[in-house]
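User: I'd like to learn how to read the features of a model like this one. Could you take me through it step by step?

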Amino acid sequence: MADLSKNDEAVAAALDVPVQRGEPILQVRNLQKHFPLTQGILFKKQVGAVKAVDGVSFDLYQGETLGIVGESGCGKSTVAKLLMNLERATAGEVFYKGQDITKLSGRALKAVRRNIQMVFQDPYTSLNPRMTVGDIIGETFDIHPEVAPKGDRRRKVQELLDVVGLNPEYINRYPHQFSGGQRQRIGIARGLALNPEIIICDEPVSALDVSVQAQVINLMEKLQDEFNLSYIFIAHDLSIVRHISDRVGVMYLGKLAEIGTDEEIYEHPTHPYTQALLSAVPVPDPTARANRDRIILTGDVPSPANPPSGCRFRTRCWKAQDKCSTEQPVLAIPERFRGQDTLAAHESACHFAEERDVVHAG
Amino acid sequence: MSTIDKTATVPAPRENSDHNGPLLEVKDLHVEFHTRDGVAKAVNGVNYSVDAGETLAVLGESGSGKSVTAQAIMGILDMPPGKIPQGEILFRGEDMLKMSDEERRKIRGRKIAMIFQDALSSLNPVLSVGYQLGEMFRVHHGMSKKDAKVKAIELMDKVKIPAAKARVSDYPHQFSGGMRQRIMIAMALALEPDLIIADEPTTALDVTVQAQVMDLLAELQREYNMGLILITHDLGVVADVADKIAVMYAGRIVEQAPVHELYARPAHPYTRGLLDSIPRLDQKGQELYAIKGLPPNLLKVPSGCAFNPRCPKATDLCRTEIPALVPVTEQDGADLPGRKSACHFWKETIHG
Amino acid sequence: MPDVTKTATAAPDAVATPSVDPSAPVEKPEKARSLWGDAWADLRRNPYFIVSTVLIALLLLISAWPTLFTSASPTAGDLVNHFLGKPELSKVGSPEWLGYDQQGRSVYARLIHGTSASVTVGIAVTAIVTVVGGIMGMISGYFGGMIDAVLSRITDVFFGIPFLLGAMVVLQAFVERTVWVVVFALAFLGWTQITRVMRGAVITIKQADYVHAAKALGAGTTRILFRHILPNAMAPVIVVATIALGGYISAEATLSYLGLGLAAPTVSWGVDISAGVAQIRVAPHVLLWPSIMLSITVLAFIMLGEAVRNALDPKLR
């Protein structure tokens with residue numbers, strides 16, 4: 001897939017992008033992040049690498065939410081850091097409006113940051129405990145003074161607090177005076193301050209109580225409509241991802257296993273890992289559970305420092321054959337579904353992709 | 001108490017000398033924490049019971065008092081700042097709060113064991129897994145080192161750790177999260193307790209591993225005919241394994257019901273709100289229902305029903321009078337066994 | 001979060017932490033409360049803090065204006081008073097209150113005038129060490145990589161030198177050993193402790209999400225270091241520095257006692273203790289009073305450090 005980046009037409013053709021979506025706002029091509037494993041104290045030598053992200057490609061369109069799901073260690077949070085340029089990519093490109101942002105630094109990077117912002121997972125560690133809420137949100141304007149004139153900043157911060165549903169009078173309080181849900185609202189306000197086009201959300205509700213999760217999810221959806229935001233929504237909770245996403249990508253060991261619209265992934269999954277993942281989700285309905293298809297995987301996720309050859313899922317897959325250990329499956333529409341008018345015809349990185357509805361199976 | 005040698009055969013039903021009531025019964029338990037900012041009332045009169053072979057799920061969000069109750073039962077509450085001003089914890093009819101430290105120690109581990117959320121910090125990092133498992137047998141049964149190791153391997157097999165023999169000398173950090181949780185379960189099982197308290201046992205695990213661990217726990221519980229108290233915030237996990245559910249809010253049980261009934265017809269607005277606020281996997285929903293407002297401040301629990309500031313149905317009655325946990329009946333007055341609700345308007349909630 | 005100083009007290013497992021954090025501050029109708037403000041509110045009620053600050057304030061006053069407390073000269077002796085040593089309680093503050101030493105000098109006057117040497121050494125060494133060690137630790141922890149490797153090895157080398165032995169060797173190089181020479185010797189070897197604490201705190205804090213958030217907004221290195229990392233790394237450093245201050249005072253006394261620190265005619269508790277030891281059978285009071293003063297001073301700073309630690313570490317509340 002590496003050569004796709006060179007040719008936009010090829011990209012469009014290969015990905016079978018529906019015309020109505022228009023231009024992608026963010027294009028990720030073969031993104032990689034390898035963390036070197038070193039030995040030695042003063043003179044370090046590399047003895048291997050943890051392939052946290054190993055060749056991930058996807059597009060994000062204006063105004064949509066792309067969900068990325070996967071288990072811990074699959075590299076989904078590293079993808080978020082790479083998109084934010086908080087980590088330098090080992091290889092690959094991220095095009096924001098045609099410009100590769102992985103190579104940017106200094107002033108140019110700062111300009112891009114105005115348009116791509118992030119909401120963090122843990123509302124308890126993502127706010128500086130020694131700064132007031134006003135300073136935390138207002139800091140964005142200190143860093144980007146062109147966004148708001150100095151005299152105007154306090155009012156802008158109060159406006160933002162109001163937008164995320166917090167009392168603007170709380171501006172002088174400190175983070176520890178708020179509950180988890182309120183803190184996450186502060187984090188969202190900070191992400192919104194620069195009026196970005198894209199917000200990358202790394203597990204934004206997983207640290208919150210169930211009753212508060214819904215509030216924050218609803219807020220994020222409201223803000224998306226209001227400000228025409230595009231979200232990349234990274235989470236391990238498949239139900240929440242389905243609720244908020246237009247399209248969903250499933251990651252396993254640093255690679256995308258399957259990507260498609262929420263209906264394609266949840267109702268017509270073709271990758272065995274997606275099927276196993278969906279079938280494992282505990283459903284809060286004891287009657288529905290009885291008629292669900294349960295696939296219980298054996299074993300654990302292998303180490304990303306030493307991933308299996310060929311298909312990475314083969315060590316836990318019930319369909320694995322010799323081909324799976326020798327040949328790496330490509331993320332593309334499986335041959336058997338190609339050209340067909342079925343929802344199973346979406347990109348899936350499996351040699352033996354077949355449809356199996358595990359969520360409704362009777 | 002049964003000895004370990006029985007493990008090979010199907011364990012006999014626990015002979016229980018003279019007590020016919022439930023295995024564990026918590027009666028009107030109160031726990032408070034004295035802090036700089038005041039007294040935090042974490043548990044305000046909790047009643048529940050578990051029988052042998054039964055799974056009680058205690059469901060609640062942070063601050064509901066679900067874990068504090070469990071810690072009080074285990075006798076591992078930090079006191080101070082914790083304090084139990086009132087209540088009884090009856091194990092086989094005997095009040096554990098009135099026992100001496102020595103008597104309680106005998107029950108802890110042998111009769112009641114606990115599994116924690118974070119297996120890594122609950123295991124000693126410098127001792128091998130086999131040594132830690134064997135310790136139970138050496139200390140409580142005076143076994144030799146060699147025999148204890150054999151027992152440890154047996155236990156590891158029991159919780160389905162692959163290649164138990166080869167891995168018995170490994171250290172906790174060499175195991176994955178799911179395997180560590182299995183080791184914790186093995187440790188809890190070692191002395192064949194009558195009751196296991198599992199505090200968010202799968203919260204730290206991935207979904208695919210969660211399913212494995214929950215299945216194992218349920219299987220072992222059936223096999224040993226143990227009582228199980230499962231503490232969780234996850235409505236999904238509960239639905240799969242529990243027999244009955246107690247929903248806690250602000251240190252009180254607000255609803256109690258057999259598992260199917262709770263999901264089908266909640267009798268408390270809080271339970272209903274929780275069920276409505278989780279998105280569904282099998283269908284794309286519209287806007288989520290959200291319980292408004294904030295979780296309660298334990299330093300200032302609202303007067304009347306603690307849920308009243310967040311409740312869509314609250315009236316003046318709710319703001320002044322604490323609703324008692326009363327039995328719930330069908331519209332025609334027919335009994336609904338095991339169902340209780342602490343809402344002034346439970347009739348409207350369940351039948352409305 | 002940045003509780004690098006506290007390892008032993010950390011909860012050993014999940015058992016000890018109830019999921020209901022009883023100290024979790026929730027909605028308050030009152031005004032903003034910063035963490036420093038919270039700590040201060042805590043300190044004000046801590047009797048150890050009150051006692052230690054009163055003592056330290058008194059010590060500072062004594063060292064700044066010793067003549068407020070005694071009019072007697074610490075160096076003028078009258079051999080008539082040789083080893084007169086009964087404390088005369090009715091004469092509090094008078095030269096003869098605590099008796100006289102071998103050369104007939106007022107022990108009380110020497111105590112008062114000796115305070116400034118100890119306090120100066122303690123405060124000056126701590127100040128230098130905190131600034132130097134703090135900067136080294138911050139650079140080392142924040143930038144990491146090669147810089148950290150080199151700085152950490154240098155720190156290790158200095159850390160490996162036994163503190164007192166090293167200070168003795170350094171002092172040997174000076175002919176005239178003033179207070180500032182002693183300060184130099186102690187600071188030269190003492191900075192490593194702060195460097196290590198600071199480095200550890202910075203490494204923890206730089207991984208915090210709020211630092212990532214600031215980077216994601218485009219904040220520069222200076223802003224991240226001084227707005228986000230330093231304020232959060234200060235707490236453990238302050239605690240360690242306060243407790244170490246007491247240690248430097250006793251190190252000065254030890255060196256002076258060994259004859260390698262301050263020497264007569266400089267007036268210092270260490271010098272007096274050294275002189276007093278020889279006459280312990282004849283005139284124990286000459287040894288006793290400076291020893292008591294030294295102990296109280298060291299204790300005051302350690303108590304202050306502990307009180308500050310408890311106040312800054314919300315987990316202990």
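User: Which residues of chain C does the UniProt annotation "transmembrane region" cover?

Analyst: According to the unreviewed UniProt entry, the annotation "transmembrane region" covers residues 48–68, 121–145, 157–174, 180–198, 233–251 and 287–308 of chain C. UniProt positions follow the numbering used here, feature names are shortened, and annotations may be inferred rather than shown by experiment. Please keep in mind that this is a predicted model, in which local features need pLDDT of at least 70, side-chain atom pairs count only at pLDDT 80 or more, and totals for chains, interfaces and linings use all residues. Residues are numbered from 1 along each chain as its sequence is written, while chains are lettered from A and ligands numbered from 1 in the order in which they are written.

User: How many helices and strands does chain C have?

Analyst: Helices (H or I, at least four residues) and strands (E, at least two) are DSSP runs, numbered from the N terminus. Chain C has 10 helices and zero strands.

User: What share of chain C is buried?

Analyst: A residue is buried if 20 or more other C-beta atoms lie within 10 Å of its own, exposed if 12 or fewer, and partly exposed in between, with C-beta atoms placed from the backbone. In chain C, buried residues make up 46% of the 317 residues. For contacts, the rule is that two residues touch if their C-beta atoms, placed from the backbone, lie within 7 Å. Of the contacts in chain C with a separation of 6 or more, 72% are between residues 24 or more positions apart.

User: Which residues have the most contacts inside the largest nonpolar core?

Analyst: A nonpolar core is a set of buried Ala, Val, Leu, Ile, Met, Phe, Trp, Tyr and Cys residues joined through C-beta atoms within 7 Å. The largest one here has 281 residues, and those with the most contacts inside it are I200(A), I232(A), V250(A), A186(B), I197(B) and L186(C). Helix α8 (residues 221–257) of chain C gives the most to this core, with 16 residues.

User: Where does V250(A) sit among the strands, and what does it stand opposite?

Analyst: Strands of a sheet pair through backbone hydrogen bonds, either parallel or antiparallel. Two strands count as paired if DSSP finds at least two bridges between them. β9(A) pairs with strand β10 (residues 255–261) of chain A in the antiparallel sense over six bridges, and V250(A) stands opposite E258(A) in β10(A). The two strands form a hairpin with two residues between them, and L253(A) in the turn has a positive phi of about 45 degrees. Strand β3 (residues 65–69) of chain A pairs with β9(A) in the parallel sense over four bridges, with L66(A) opposite R247(A). Among the residues that V250(A) touches are V69(A), I265(A) and L277(A).

User: How is chain B divided into domains?

Analyst: Domain bounds come from an automatic or database domain assignment. Chain B is divided into domain 1 (4–9 + 21–242) and domain 2 (250–280 + 287–351), with 29 Å between their centres, taken over C-alpha atoms. Their contact takes 19 residues from domain 1 of chain B and 14 residues from domain 2 of chain B. On the domain 1 side, β2(B) gives the most, with 10 residues. β2(B) is also an edge strand of an open antiparallel sheet with the order β2-β1-β4-β5 (chain B). Strand β1 (residues 24–35) of chain B is joined to β2(B) by 10 bridges; one partner pair is F33(B) and A40(B). UniProt places "domain: ABC transporter" (unreviewed entry) at residues 24–275 of chain B.

User: And how many residues does the contact take from chain A and from chain B?

Analyst: The contact takes 35 residues from chain A and 40 residues from chain B. On the chain A side, α7(A) gives the most, with six residues.

Technical notes: Lists of a residue's contacts leave out its neighbours within four places in sequence.
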